[in-house]
Amino acid sequence: FIQINAQSINLASGGRITSETFARGRAGDILIGPRGGIAPNISLTGGARISSSQGSGDATGDTGTITITARLLELFDGSAITSSSEPLAGRSGAIDITADNLLIRGSRIETNSDNRNPAGLIHVTVGTLTVDGGTIRSENGTSFIGSAGDILVEAQRIELLNGGNISTDSFSGPAGNITLLLPRT
C-alpha cells in the first residue's frame with residue numbers, strides 16, 4: 001500500500017510511483033490525496049508514470065487500485081497512469097480519479113489485461129476533462145475470451161482535441177461500456 005498526502009507532486013523525466021507484484025500476491029493500492037485539507041496539484045511529464053502492475057511474466061497476482069484526488073492533474077509528453085496484468089492470470093486494478101481539472105496531452109490513462117480476466121474500471125470525476133492527442137483507454141489483448149473494462153466519466157465539460165479519445169477494445173471478448181455523464185446544457 002502506497003499513500004501520499006501532499007499539496008503538490010511533480011514527476012518528471014521517467015519518475016515513477018509504482019506498485020508491483022512478482023508472484024501470486026496482490027500488488028498494493030496507490031492512494032494520492034490532500035494534505036491539510038488541500039488537494040494537490042499533480043504534474044507528470046517526460047514519460048513519468050503512476051502504475052500498478054505485474055512485474056514479471058510469471059506473476060499471477062492481481063494489481064492494485066489507483067485512487068487520486070487532486071485540484072489539477074496534468075499528464076504531458078508520454079506520461080501515464082496505468083494498471084496492467086500479464087498473460088498468465090491476475091486482474092488489473094481500477095483507476096479512480098477525482099479532480100477539478102484533468103489535462104491529458106500526448107499521454108494516457110489506461111487499464112489493460114492480457115489474460116481472461118477483465119481489465120479494470122476507469123472512473124473519472126472532474127470539472128473539466130481535456131484529452132489533447134492522448135487517451136483514456138481500457139483494453140484486453142488476450143487471444144482467449146477476455147473483456148475490456150468500463151469507463152465512467154462524470155464531468156462538467158469534456159474536450160477531445162487533436163485525436164484525443166476515450167476508448168475500450170478487446171481482441172477476442174466484449175469491449176467495455178463507456179458512460180459520459182454531463183450537465184444537460
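Is glutamate 139 buried or exposed? At 18% relative accessibility, glutamate 139 counts as buried, because that value falls under the 20% cut-off for the buried class. The model discussed here is a predicted one.

## Charged pairs

Glutamate 139 takes part in a salt bridge with arginine 137, in which the closest N and O atoms are 2.6 Å apart. Arginine 137 itself is partly exposed, with a relative accessible area of 26%. Arginine 137 also forms a salt bridge with aspartate 169, and here the closest N and O atoms are 2.9 Å apart. Aspartate 169 counts as partly exposed, at 28% relative accessibility.

The structure holds 5 salt bridges, and another of them joins glutamate 159 to arginine 157, with the closest N and O atoms 2.7 Å apart. Both of these residues are partly exposed, glutamate 159 having a relative accessible area of 24% and arginine 157 standing at 47% relative accessibility. Through shared partners, salt bridges join Arg137, Glu139 and Asp169 into one network. In general terms, side chains of opposite charge can pair when their charged atoms come close.

The side chain of threonine 135 makes a polar contact of 2.7 Å with the side chain of asparagine 165. Beyond residues up to four places away in sequence, threonine 135 touches Ile104, Ser107, Arg108, Ile109, Asn165 and Ser167.

## Strand β11 and its partners

Strand β11 is mostly covered, with 8 of its 11 residues buried. It pairs in the parallel sense with β9 over 10 bridges, and aspartate 96 has histidine 123 in β11 as its bridge partner.

Threonine 130 is found in β11 and is buried, at a relative accessible area of 11%. Its side chain makes a polar contact of 3.0 Å with the side chain of glutamate 159, the residue that also forms a salt bridge with arginine 157. When neighbours within four places in sequence are left aside, threonine 130 is in contact with Leu102, Leu103, Ile104, Glu159 and Leu161.

## The nonpolar core

The largest nonpolar core contains 32 residues, of which Ile50, Ile68, Leu73, Ile81 and Ile109 touch the most other members. Strands that each supply at least two residues of this core include β7 (66–76), β9 (95–105), β11 (122–132) and β13 (151–161). Isoleucine 50, leaving aside its neighbours within four places in sequence, is in contact with Leu11, Ile17, Ile30, Ile32, Leu44, Ile66, Ile68, Ala80, Ile81 and Thr82.

## Loop residues

Most residues other than glycine have a negative phi. Aspartate 77, however, has a positive phi of about 55 degrees although it is not a glycine; it is placed in the loop between β7 and β8 (80–85) and is exposed, with a relative accessible area of 56%. Asparagine 162 likewise has a positive phi, of about 50 degrees, without being a glycine, and it is placed in the loop between β13 and β14, where it is exposed at a relative accessible area of 66%.

Alanine 27 lies in the loop between β3 and β4, yet at 2% relative accessibility it counts as buried. Leaving aside neighbours within four places in sequence, alanine 27 is in contact with Ser19, Glu20, Thr21, Ser52, Ser53, Asp62, Thr63 and Gly64.

Definitions and conventions: Residues numbered from 1 in each chain as written. Predicted model: local features only at pLDDT ≥ 70, side-chain atom pairs only at ≥ 80, totals over all residues. Heavy atoms only, no water. Polar contact = N/O pair within 3.5 Å; in protein donor to acceptor, adjacent residues only side chain to side chain. Contact = heavy atoms within 4.5 Å. Core = buried A, V, L, I, M, F, W, Y, C linked by side-chain atoms within 4.5 Å. Buried < 20%, exposed > 50% of the residue type's maximum accessible area, 1.4 Å probe, protein only. Helix = DSSP H or I, 4+ residues; strand = E, 2+ residues; numbered from the N terminus. Pairing = 2+ DSSP bridges. Salt bridge = Lys/Arg side-chain N within 4 Å of Asp/Glu carboxyl O.
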